[in-house]
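Here's a quick briefing to read with the model open beside you.

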Amino acid sequence: MVSHPEPKRIYFAVFGALMVLTLATVLVARYELGVLNAVVALTIAVIKATLVVLFFMHLRHSSQLTKFAVASGFLWLVILISITLSDYISRAWLPLPQAW
Amino acid sequence: MSDYTIAAIEHPAELQHQFEDIGQQLDASTLGMWVFLLTEIMFFGGLFCAYAVYRSAYPEAFAEGSRHLHMVLGGVNTVVLIVSSLTMALAVRAAQLGKRIATTNYLVATLGLGLVFLVIKFFEYRHKFIEHHVPGPNFIFDGPHAQQTQMFFSFYFAMTGMHALHMVVGAGLLVYFIIKAYKGRYNARYYGPVEVMGLYWHFVDIVWIFLFPLLYLIGYHHGLAP
Amino acid sequence: MSGRQPVDNRTDYLNDGYGIKSWLLTKDHKRIALLYLASITLFFALGGLFAVFIRLELVTPAGDLMGSDSYNKMFTMHGVMMIFFFLIPSIPAVLGNFLIPLMIGARDLAFPRINLLSWYIYTIGGLFALYAMAAGGVDTGWTFYTPYSSTYSNTHVIATAVGIFILGFSSILTGLNFIVTIHKMRAPGLTWFRMPLFVWAHYATSVIQILGTPVVAIAIVLVGLERLFHIGIFDPKLGGDPVLFQHLFWFYSHPAVYIMILPSMGVISELVTCFSRKKIFGYGFIAMSSLAIAVLGFLVWGHHMFVSSQSVYAGMIFSVLSYMVAIPSAIKVFNWTATLYKGSIVYQTPMLYAFGFIGLFTIGGLTGLFLANLGVDVHLHDTYFVVAHFHYIMVGGAIMGYLGGIHYWWPKISGRLYPEGWARFSALILFVGFNLTFFPQFLLGYMGMPRRYHAYPEEFQVLNVMSSAGASILAAGYVIPLIYLIWSMRYGKLAPANPWGATGLEWQVPSPPPTHNFAEAPEVTEEPYVYSHEEAQVV
């Protein structure tokens, strides 16, 4: 819930940061960094999303409850993806069953 | 103050009967939209999960497919959506300040930018159709991992398509809000609906913030396709 | 105190406006609850009809009543209708909708129009499922495993999938409504730890609905896309992995079983305390265990996939977590039992259902531990042991809780009392019929009879005949309440505001309640479940 309107300059500052980060993600993608490419790309995306959530969506002025709810949502997404991927990653750790 | 004025202040027309006061209504509405957005996180999340599984299984095929997307158009669309989030945030702010014309203008700008996004998307899709990169019986791709690259394009269409569907819904809602804003419905006491619309719009922007690097920039370090 | 309310012209929610429009366009949570009651009863009857066909076929070892393809359709439609169109909505959409605003002292839910929309969405989803059924059914099992559902099945997969997808929205909107209502609309003085445990249970359920349902929605969308466009996402020949579908499906469908049982547990908490005339034991533990079940329930889905080629390491972790998720449920059973201890127990019909729940849910839950054990599950997976396990929980547990709740709150909902003699009789019939139907299935599964087969070896026949005989008794146990509850709406004795002498805000309003529930917001000043040891005030 927002009680006082944000000053415009905050919105423009966040907008500027989002533009810079967009440029950054494109530039970094031009370089071969192996697995780091995905890591960097996701990190920048998460930072951009955090800026939008905190400032454009007013989360920083919202109640503890709202902040907790949003955090849980992202946590649940992490749970879904990480546990599912853990199956795929660990499948190869055991050799295929051989005849007895 | 007349009895009618007192009544209007204590029981404003915008207050729904189940709420005690307009503050509770605003609180409940914004919490409600956030909870809905949680379901959207998990909905797109399922797609992202499937994407993660197949990208880690077929990295070259995904990179190859990615190179055949229009990175420039994708980048332009990213900028378009970020600007639209700015205008949306400014629209909410204007509504809070009771500025009828500013609210309307910012909402119109947001809608306009959203439509620009959809038009660019349409041209991207059309080009993919012409190049036979649409998965299905007409898919043609000459590259080393054709089948797995088709999988990449399936994710491209499923994820951007689902996103575009949400944009269309958002655009429709914006039309409604533009009309209401123009009629002066929103002010310092009653701006909740615009705030809630803003939450939805920003979320759709956030989904694209993730889609752009994950779909368009995978193989960029090997250069763009001709 | 017994007593008939004088027949007066007082307006309640039932007579506040007549005509079909006043019902189909209502915003009153109580009327919406009754709309749901009608719809889910219809789907329960249909799901039950498919069960009749299943049990008829299984009376003989040979597959002689129908071919295997038809049998596949029977158990699929039975599962789809019972799970998605009956159990998942049941208690939340009927009792939750009706009671939550009353229990927290509110005039309605946070979003009454979304509540009505939720029922319409349910109905549209139901129509798709009915169309699929009428057009020839679907035979993939309610689990829709790929690649059969996505590539090879020739039945109406997409129609059913669309119906379930649409239904998911109904579930999400109900959960959303409850979460916002419980957070934002409690009466003055009603802190979280003064809320009835029924409300806690529905809060936890709603969290699961919000976080889980969208994932099965996307899983269904992907199956549909695969069927239509052959994109290869679940087809090994095209580079896809069928097990990915199982991950996405069970990520929801395991928490879904907690959606089905948690509300019932909330009902039992209310029944046990009222009919022991004693404050519930361990309120805080029961409340927290509901949340624990909701959270832990999301971390165990791989126990459905032990034999699916899922990694053994992932399997081991899922197994350990599955043991852990049993703990909060056990805590509840301990607390209910401790509440009974030294209580003044009254054997009204709702209490009979509560006793049935506690015993049968315990058996169902304990047998779940066998299945959670990775090594044992290799032998029990896809046998009748699994079928018995989940029916003990869903029928012996969830449906008993649902019926107990319907009977307990029936005076409040309808303003009438049901006939106690018939009610007790049918509760006992239900208990006997249930055990006769499903206990033999534990033995069958242990002996190796696979599930979803329309034919079986000769040596399994005796137990199967027992099971089918039990099913006929069970059916009677369901039909009798349907008859006397409908009868009571016209001919039952008028009910006072508080026939059971129970605590809780819902009993402070007349039976049936007025449209806007409370004339002014009540103020709550004391803990819940403050009972003395006097006799229940029963009519």
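Is C:Tyr529 buried or exposed? C:Tyr529 counts as buried because it has 22 C-beta neighbours inside 10 Å; the cut-offs are 20 or more other C-beta atoms within 10 Å of its own for buried, 12 or fewer for exposed, and partly exposed in between, with C-beta atoms placed from the backbone.

Keep in mind that this is a predicted model, where local features need pLDDT of at least 70, side-chain atom pairs count only at pLDDT 80 or more, and totals for chains, interfaces and linings use all residues. Residues are numbered from 1 along each chain as its sequence is written, while chains are lettered from A and ligands numbered from 1 in the order in which they are written.

**Where the chains meet**

- Chain A puts 36 residues in contact with 37 residues of chain B (contact: C-beta atoms, placed from the backbone, within 7 Å).
- On the chain A side, helix 1 (8–29), helix 2 (36–56) and helix 3 (64–90) each supply at least two of the residues that touch chain B; helices are DSSP runs of H or I with at least four residues, numbered from the N terminus.
- Helix 3 of chain A gives the largest share of that side, with 12 residues.
- By class, the side of chain A that touches chain B splits into 25 nonpolar, 6 polar and 5 charged residues (Ala, Val, Leu, Ile, Met, Phe, Trp, Tyr, Cys and Pro are nonpolar, Asp, Glu, Lys and Arg charged, and the others, Gly among them, polar).
- Over at the other interface, 27 residues of chain B are in contact with 30 residues of chain C.
- Helix 2 (22–57) and helix 6 (146–182) of chain B each supply at least two residues of the side that touches chain C, and the largest share, 16 residues, is from helix 2 of chain B.
- That side of chain B, the one touching chain C, has 15 nonpolar, 11 polar and 1 charged residues.

**Domains of chain A**

- Chain A is assigned domain 1 (1–61) and domain 2 (63–92), with bounds from an automatic or database domain assignment.
- Taken over C-alpha atoms, the centres of domain 1 of chain A and domain 2 of chain A are 21 Å apart.

**Helix pairs**

- In chain B, helix 6 and helix 7 (residues 192–216) pack at about 160° with axes 10 Å apart; axes are lines fitted to C-alpha atoms, for helices over the stretch in contact, and angles run from 0 to 180 degrees between N-to-C directions.
- Helix 6 of chain B is therefore roughly antiparallel to helix 7 of chain B (the label for angles over 145 degrees).
- The crossing of helix 6 of chain B and helix 7 of chain B is left-handed, that is, the near helix is turned anticlockwise from the far one by less than a right angle.
- Helix 6 of chain B contributes residues including B:Tyr156, B:His163 and B:Phe177 to this contact, and helix 7 of chain B meets them with residues including B:Trp201, B:Trp208 and B:Leu215.
- The contact of helix 6 of chain B with helix 7 of chain B has 14 nonpolar, 4 polar and no charged residues.
- In chain C, helix 15 (residues 420–447) and helix 16 (residues 461–491) pack at about 155°, axes 7 Å apart, so helix 15 of chain C is roughly antiparallel to helix 16 of chain C.
- Helix 15 of chain C and helix 16 of chain C have a left-handed crossing, and their contact has 20 nonpolar, 7 polar and no charged residues.

**A glycine in helix 16 of chain C**

- C:Gly477 sits in helix 16 of chain C and counts as partly exposed because it has 19 C-beta neighbours inside 10 Å.
- Leaving out residues up to four places away in sequence, C:Gly477 touches C:Ser426, C:Ile429, C:Leu430 and C:Gly433.

- Most residues other than glycine have a negative phi, and most peptide bonds are trans.
- C:Tyr529 has a positive phi, near 60°, and lies in the segment after helix 16 of chain C.
- C:Lys342 also has a positive phi, near 65°, and lies in the loop between helix 11 (312–340) and helix 12 (349–372) of chain C.
- With 10 C-beta neighbours inside 10 Å, C:Lys342 counts as exposed.
- The peptide bond from C:Thr146 to C:Pro147 is cis, with omega near -5°, and C:Pro147 is in the loop between helix 5 (112–134) and helix 6 (148–152) of chain C.
- Another cis peptide bond joins C:Ser511 and C:Pro512, with omega about -10°; C:Pro512 is in the segment after helix 16 of chain C.

Methods: Two residues are in contact if their C-beta atoms, placed from the backbone, lie within 7 Å. Angles under 35 degrees count as roughly parallel, over 145 as roughly antiparallel, 65 to 115 as roughly perpendicular and the rest as oblique.
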